[in-house]
Amino acid sequence: GCSYDRRAEVYCDLRTYSSSLPPHQQHFPDRPDVGGYSVLLDYCPVFRPYANGNCAEAAAGWERTSEERCEACRCFSKEDSFGSSVASCYRARCLNATTLEVRANGRWRRCPTEGGAVLAHGGGHAPPPPPLGGLPCSVLPSLLSLSLRFARVGDAGAAHLADAFVAGGGGSLTCLRLEGNTIGCAGCERLAASLAALPALRVLGFGDALGGNAIGDAGMCALASALAQTERDLIELAPDASGPPVVGAGHALRELGLHNNRIGSRGARALARALAAGGAPHLAKLGASGNCIGAEAVAELAGARAGLRPACQAQDPSRGSES
């Protein structure tokens, strides 16, 4: 079977002892000599991971048709050719708060929202593999609000955070605060690429009046490109998917804080183009003071969306910006 968090293939550790267990530690009336492995657990049987059962780690003997081992992989029930249920590891991803997909035989398969089976047919003349057991996306780790202000996250920490989101840990996240963490363009690019996995995100803070980061023009362009991503773009990533529509990256975003991030006119114009093209359609509050944005770029931001009044002041472009 699978562990409770679906990160490992497990077995029930049930043992037969040479004599009967103490009466208060017996769990099978007709078999007093049978119980779990530990006296500390009162010989209660428990599920334990196989030595090579961790879905995140490759190990000798795990290679089986269409299976994978990776940080984003999870354990699913699969019917074998005899109709028995076996545990197997597959790559999984959340497209939004209710949409989970599993990758089998090189293609993404969408799980029913309420849970159920996914038919994973092979290509060519290969016989179709048996159904995979589905699960609702909500069983994957999720957060409502995450504040890491001035926590020394850096680019490496931002990359790990992005990987966690892509693996399904941010499906319900509404607020992400990352001010004052020396995150540069590399870390911002990784976080931008994970925005599609945060469909409920309403507040995203890279900087405020007390401190920002150093995403520069390159990081701002990556973020703008992600915000410009539409529902059509995401559906094209999984053309075989069926079910409820996915939402574009930044669809729910209401507030974006970019103060003190070494952003120049190039980055500001990229954001203006993304907003004008329909990215982040519900954005109502944009803060970008403390950067080096020229007057023309500030005007482009102000005119990108009717009703949007960005909080930023034009700066002398000769000061330059880091990208």
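Partly exposed here means a relative accessible area between the buried limit of under 20% and the exposed limit of over 50%. With 32%, Cys44 is therefore partly exposed. That reading, like everything in the views below, comes from a predicted model.

**View 1. Cys12 and Cys44 sit apart, without a bond.**
For Cys12, the nearest cysteine sulfur is that of Cys44, and Cys12 takes part in no disulfide. Cys12 has a relative accessible area of 40%, so it counts as partly exposed. Cys44 is partly exposed too, at 32%.

**View 2. Cys2 and Cys75 are joined by a disulfide.**
Now for a pair that does bond. A disulfide, in general, is a covalent bond between the sulfur atoms of two cysteines. A search of the whole structure turns up three of them. In this one, the sulfur atoms of Cys2 and Cys75 are 2.0 Å apart. The torsion about their S-S bond is about -70 degrees, which means a left-handed disulfide. The link brings together distant parts of the chain: Cys2 belongs to the segment before β1 (8-12), Cys75 belongs to strand β5 (residues 73-79), and the two are 73 residues apart.

**View 3. Cys55 and Cys89 tie a loop to a strand.**
Here the S to S distance in the disulfide is 2.1 Å. The torsion about the S-S bond is -70 degrees, and the link of Cys55 and Cys89 is left-handed. Cys55 lies in the loop between β4 (47-54) and β5, while Cys89 lies in strand β6 (residues 85-96), so the bond ties together parts that are 34 residues apart in sequence. Cys55 is buried, at 0% relative accessibility. Cys89 is buried as well, also at 0%.

**View 4. Cys70 and Cys73 make a right-handed disulfide.**
The sulfur atoms of Cys70 and Cys73 are 2.2 Å apart. What is the handedness of the disulfide of Cys70 and Cys73? The torsion about the S-S bond is about 100 degrees, so the disulfide is right-handed. Both Cys70 and Cys73 are buried.

**View 5. Helix α1 packs against helix α2.**
Two packed helices are described by the angle between their axes and the distance between the axes. The axes of α1 (residues 154-169) and α2 (residues 185-193) come within 8 Å and cross at roughly 5 degrees. That angle makes α1 roughly parallel to α2. On the α1 side, the contact is made by Asp155, Ala158, Ala159, Leu161, Ala162, Asp163 and Phe165, and on the α2 side by Ala186, Gly187, Arg190 and Leu191. Sorted by class, the contact of α1 with α2 has seven nonpolar residues, one polar residue and three charged ones.

**View 6. Ala224 is buried in helix α3.**
Our last stop is a single residue. Ala224 is part of helix α3 (residues 216-227). Its relative accessibility is 2%, so Ala224 counts as buried. Which residues touch Ala224, leaving aside its neighbours within four places in sequence? Ala224 is in contact with Ala270, Leu271 and Ala274. Ala224 and Ala192 are 32 residues apart in sequence, and their C-alpha atoms are 8.3 Å apart in space.

Note on methods. Residues are numbered from 1 along each chain as its sequence is written. This is a predicted model: local features need pLDDT of at least 70, side-chain atom pairs count only at pLDDT 80 or more; totals for chains, interfaces and linings use all residues. Side-chain values use heavy atoms; hydrogens and water are left out. Axes are lines fitted to C-alpha atoms, for helices over the stretch in contact, and angles run from 0 to 180 degrees between N-to-C directions. Helices (H or I, at least four residues) and strands (E, at least two) are DSSP runs, numbered from the N terminus. Angles under 35 degrees count as roughly parallel, over 145 as roughly antiparallel, 65 to 115 as roughly perpendicular and the rest as oblique. Contact means heavy atoms within 4.5 Å. Ala, Val, Leu, Ile, Met, Phe, Trp, Tyr, Cys and Pro count as nonpolar, Asp, Glu, Lys and Arg as charged, and the others, Gly among them, as polar. Buried means under 20% relative accessible area, exposed over 50%, partly exposed in between (1.4 Å probe, protein chains only). A disulfide is a pair of cysteine sulfur atoms within 2.5 Å.
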